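I opened this entry to record what I looked up, one topic at a time. The sequence and structure come first, then the notes.

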Amino acid sequence: MLSRVAESLYWMSRYLERVEHTARLVDANVVLALDQAPAFAEQRWARLLASLHAIPPEGPIGARSMTDALTFDRSNKASIITSLGAARDNARQVREQISSEMWEQINRLFLQVSQIGIDDIWNMQPHAFFRDVKEGAHLFQGLTDATMNQGEGWHFMELGRFIERASATVALLDAQFAHYNTAEDGVERPQAMNQYLDWVGFLKSRTAFEAYCQVYTADLQPERIAEFLLLNPEFPHSLRFAAGRINSALQAIMRVTASRRSGQAERLAGRLRATLEYAQIDEILSDDIQAYLADMQEQCAQIHRTIHEVYFAPPLAAVLN
Amino acid sequence: MFSRYQLDGAYDEMFQPDGVPRTHYQPLYQRLLGLPPDELARREQAAELSFLQQGITFTVYGREEGTERIIPHDLLPRIITGTEWATIERGLAQRITALNLFLKDIYHDGRCLAAGILPRELIYTCRHFRREMRGVNVPRDIYISVVGTDLIRLPDGRFAVLEDNLRVPSGVSYMLANRQVMRHVFPLMFRNYGVRPIDHYGQALLQTLRALAPSQRPNPTIVLLTPGVFNSAYYEHTFLARQMGIELVEGRDLLVHDQVVYMRTTAGLQRVDVIYRRVDDDFLDPLAFRADSTLGVAGLFNAYRAGNVALANAIGTGVADDKALYAYVPAIIRYFLDEEPILPNVETFLLTDEKQRQYVLEHLDELVVKAVGESGGYGMLIGPHSTRAEQAEFRARIIQQPRNYIAQPTLALSRAPCFIDGQIEPRHIDLRPYILYGGEAKLIPGGLTRVALTRGSLVVNSSQGGGSKDTWVVDP
C-alpha cells in the first residue's frame, strides 16, 4: 500500500474519532451546565479545554460561547468542523481506496455540519444536533466495517482510531485528576452534589456512566473511575482496550509489510499493552498519578511517531538499502 | 413531444431532410412516441440521481465556490450504424498509425522534414516539441498509447476530423458512466438494439499499458500518475485506477534512485515499470522541464531515457496535435503509409501564410479562430457569434503572433435530439472516440458524444457548459 494512502486513511480515521469525542464532550457539558452552579461550570469548561489542548476563546466562558468555539469555529483547531473537514479532505485523497458508501457518508456529515451555525442549534436542541453528529460518525464506522476490505488499509484506520481514543482518554483523566488533586486539600470530596455531578459528567463524556455502574454500581469513587477508564479490558473507551487494538492492528500490518523495521512500532505497542494488562490501580494511585498519565501520553505519542517514521515517511536512507 | 423539433441546414442524426426518421433511429423514435409524457422526465431524474450519488463530477477552472459539478447528461442516446463505424474505425486506425510513425521520425531521422512534407519551422516553433526527446528510443516505438480524436459530421453526412488529442485526452470515464446509467434507464431498448459493449475499456487499457513494460519484467508494476485532487479530471483518475486495479499515485509518492523509479509503500520501496501519466509534459520532471513543478518526479526523465520506465503517452507527443500541424496530417498519412486519408480534415487556414492570413483577417466574422496550443474550448473566437470588440482583439493577437492561431470555417455540426425541459429539441453534437494503440490501433465502439446544450451553440466542451450523451454503435 502506498505510504501516502496509508497515512490518509490513518488521519481520516483519527479525525473522525476526534469529531465524535468532541461532540460527546461538548454535549455532556452543555447538559451538565443546566444543573450546576455557574462557577463550577466555568471550571469544568476550562478543564475540558485543557483536555482538548485547545486555546480558550476570548471573552467570558459560557456554555454558548464554548459550544460555538468547539463546534463551528473554523479557526479553532479543536472544533468539530475543523476535524470533520480534515477527515473529509483525507477521505477525498483516497477515494478509490474506500467504498462509495463511506465517502458519501463522510461527505454528507460534513455538508450537514458546515451548513449551520450556533444560532441554529442553540435555541432549539443542541442535544439533538450532537446526537446527529455522533450517530453520523458511528454510521461511518459501521459502513467501514461492513463495506471495506479488512486488509492493510482497514488496519491503518483502526490504528488511527484507537491511538486517538487512547490519547483522548488519557488527556481527559489528566485534566480531571489535576483538578481533583488540587481541590482535595481538607475538603470532603464527592459528597458535595456539585462534585458528584462532576464525576457523572466526566463518565458520560466517555460514554462510561452506564458501563461503570454495571461493574461498580452507582457509587462513584475516583479510584474506581480511574481503574475503569485505564485498566478495564472490556470497555471500548478504556486505555487498555485501545492499547490492545493498537497492538493487534500493528501485528496485522506487520504480517503484510514484512520488513524488519516494522517491528519497532509493534514492540512499543506490545509493551504498552502488557504494562496495562498487569498493572494495579493501587500502585498507580499510590505513586503520582499525573506522572503516570504523562508517561502514558508520551507512550501513545511515541507509537504515533514510530508509525509515521516506519510506514508514512521513512527516511530515504532507511528504505534505499 | 417533437413539436419543438425543427430541421435546418445542418445534418440531423435522427431525421432525413424530408422529416422521416432514419432507419436505425426508427425503434427509438417509436419508443419515444409510445412513452407517456412524464415518463421521460421521470427517467431523467433517475439518471441524474445516479450521477449525483456516484459523484461523477468535474472541476471548472477560474471560479471560486462550487467548482465541483456534475457533468450535464442527456437522456437520449446517439446512434451510429455499424457501417458508419467501420469507416471511422479504419480512418482513425490509419490516422493514429501515421501520426505515431510521424512522431518517431520527428524525434529521430526527420525524413519527412527532409522530404519537404511540412516546413521545419512548424515543428521547431511548436510549444510542445521537446528537444530533449531527440534520439530517445521509446518502448516498442509507441508514442501515443491513448488517443481521443474529435470528429464532426459534415452537412453531407460524412465524418471529418476536427482535432486530435495526443497528450492526455480525458472524458473516457463519462463514456463508461453514461453507458452504465443508460442501461438502468432504458434496459429494454438495449436488448432490442444490440448495442455493442464498451465495458472492456479498463481491461483493454491495462493491456495497452502492459505492452509497454520492459520485457525482462514479467509482472510489471503499472501506476496512474495524477496531479491530485484539485485536477479537473480527478474523478476520472480514481475511476480508471479502480477499473484497472492499479495504484493511483501522485508525484510525491514516487522517487528516482539510480535511474529507477520507485513508489513509497508501507513495505518499503517498490519498483515502477509503467506510468500512465495524466500530468502534462511540462510538469513531469522539475529537473528536465518546469523547475517550479511540484506535481512531478525529480529524475523521471533520466529514468525514462535509460529505458527503466515507460510512459504513456510518451513525452513530446503534443507536437503532433498542434492545431497548425493538423493541416498537414493528410500529407503525413500519404507520406508514411502511401494511402489516401479515409477521414477528411476540416479546411484550415494557416496564419503564417501571408495570403491565407489576409483572407482570415477580412473574414473574422465568418470564421472560427483557435489558439494552436489550447484545448478544452479555451482561447477560441467563433466569428458569427462574436462581438466587434472580440474580433478586434483576435485581429491584434493574430498579427502579433500568427503562428499561435489557425482559422477554420464555421461548421454546422450535426444535430441530434436531446431531452430539454420536458421536450425533445435538436442540439449540436460532436463525437470523441477513444483509440488505444499498442502497435495496432484498437477502438472502443462508441465514444463520448458531446452536446452543446445551449440552443444554437457550437461549443461542446464540458468546461464551457457542454454535456454528453451515450453513444451506441448498432448493427448493421
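Is D421(B) buried or exposed? I worked from a predicted model. I found 7 C-beta neighbours inside 10 Å of D421(B), so I put the residue down as exposed; the cut-off for exposed is 12 or fewer.

**Loops of chain B**

I then checked the backbone of D421(B). Phi is positive, about 50°, although the residue is not a glycine. I located D421(B) in the loop that runs between strand 17 (415-420) and strand 18 (423-432) of chain B.

I noted D258(B) next. Its phi is near 50°, again a positive value in a residue other than glycine. D258(B) sits in the loop between strand 8 (254-257) and strand 9 (260-265) of chain B. I counted D258(B) as exposed because it has 11 C-beta neighbours inside 10 Å.

I also looked at a peptide bond in chain B. The bond joining A312(B) and N313(B) is cis, with omega about -5°. I placed N313(B) in the loop between strand 12 (310-312) and helix 12 (329-337) of chain B.

**Helix 13 of chain A**

I turned to helix 13 of chain A, which covers residues 263-277 and has 15 residues. From first C-alpha to last I read 21 Å, close to the 21 Å expected at 1.5 Å a residue.

Which residues of this helix are buried? I listed A265(A), E266(A), L268(A), A269(A), L272(A), R273(A) and L276(A). Viewed down the axis of helix 13 of chain A, the buried residues fall within an arc of 160°, so I recorded them as lining one face of the helix. For reference, an α-helix has 3.6 residues a turn, so residues three or four places apart point the same way.

I then looked up what covers the buried residues, and the cover includes helix 11 (222-231), helix 12 (239-257) and helix 15 (289-312) of chain A.

**Where chain A touches chain B**

How many residues of chain A are in contact with chain B? I noted 18 residues of chain A, in contact with 20 residues of chain B. On the chain A side, helix 1 (3-33), helix 4 (80-93), helix 5 (100-114) and helix 16 (316-320) each supply at least two residues. Helix 1 of chain A gives the largest share of that side, 3 residues. I sorted the residues of the chain A side into 7 nonpolar, 5 polar and 6 charged.

Notes:
Residues are numbered from 1 along each chain as its sequence is written. Chains are lettered from A and ligands numbered from 1 in the order in which they are written. This is a predicted model: local features need pLDDT of at least 70, side-chain atom pairs count only at pLDDT 80 or more; totals for chains, interfaces and linings use all residues. Two residues are in contact if their C-beta atoms, placed from the backbone, lie within 7 Å. Helices (H or I, at least four residues) and strands (E, at least two) are DSSP runs, numbered from the N terminus. Ala, Val, Leu, Ile, Met, Phe, Trp, Tyr, Cys and Pro count as nonpolar, Asp, Glu, Lys and Arg as charged, and the others, Gly among them, as polar. The expected span of a helix is 1.5 Å times one less than its number of residues. A residue is buried if 20 or more other C-beta atoms lie within 10 Å of its own, exposed if 12 or fewer, and partly exposed in between; C-beta atoms are placed from the backbone. The arc is that of the directions from the helix axis to the C-beta atoms.
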